Amino acid sequence: MGSWLERLNDHGLPLNLATHAGHNTLRAAAGAWEADLSATEASAVSAHLAEALKAGALGLSTGLIYAPGCFAGTAEIIGLARQVRAPKAKAKGL
């Protein structure tokens, strides 16, 4: 995500842009196509999300009717949502 945002900035994008990290993209990047994430896959998804947030993503988007996100359990989504919230909560003193 960081290199993509840098490319947009380098080309002088004439508008404001706000982007989110896509849950399906995070899972696909981690090779997580199965229903339950392995520990390695979960770690990779979390690392990819952290990287996207650091690069400037504002949050997480889900498309839970599409693969591979449709295989995600509630705990996975809650965990990622907490990861998104953590830096914002810390900044606000929560």
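**Burial, contacts and pocket lining**

Me: Is R27 buried or exposed?
Reply: The relative accessibility of R27 is 0%. Buried means under 20% relative accessible area, exposed over 50% and partly exposed in between (1.4 Å probe, protein chains only). R27 therefore counts as buried.

Me: Which pLDDT do local features need in this model?
Reply: Residues are numbered from 1 along each chain as its sequence is written, and side-chain values use heavy atoms, with hydrogens and water left out. The model is predicted: totals for chains, interfaces and linings use all residues, side-chain atom pairs count only at pLDDT 80 or more, and local features need pLDDT of at least 70.

Me: Which residue forms a salt bridge with R27?
Reply: The structure holds one salt bridge, defined as a side-chain nitrogen of Lys or Arg within 4 Å of a carboxyl oxygen of Asp or Glu. It joins helix α2 (residues 23–29) to helix α4 (residues 74–91), across 49 residues of the chain; helices are DSSP runs (H or I, at least four residues) and strands likewise (E, at least two), numbered from the N terminus. With the closest N and O atoms 2.9 Å apart, the partner of R27 is E76.

Me: How many charged residues line the largest pocket?
Reply: A pocket, on a 1 Å grid over the protein atoms alone, is an open set of points where a 1.4 Å probe fits, with protein on both sides within 12 Å along at least five of seven lines; lining residues have an atom within 4 Å of a point. The residues lining the largest pocket include H20, T25, L26, H48 and E51, and β1, α2 and α3 (39–55) each give two or more. Asp, Glu, Lys and Arg count as charged, Ala, Val, Leu, Ile, Met, Phe, Trp, Tyr, Cys and Pro as nonpolar, and the others, Gly among them, as polar. By class, five lining residues are nonpolar, four are polar, and the number charged is one.

Me: What distance separates the C-alpha atoms of F71 and D36?
Reply: F71 also lies in the loop between β2 (59–61) and α4. At 38% relative accessibility, F71 counts as partly exposed. Although F71 and D36 are 35 residues apart along the chain, their C-alpha atoms are separated by 7.2 Å.
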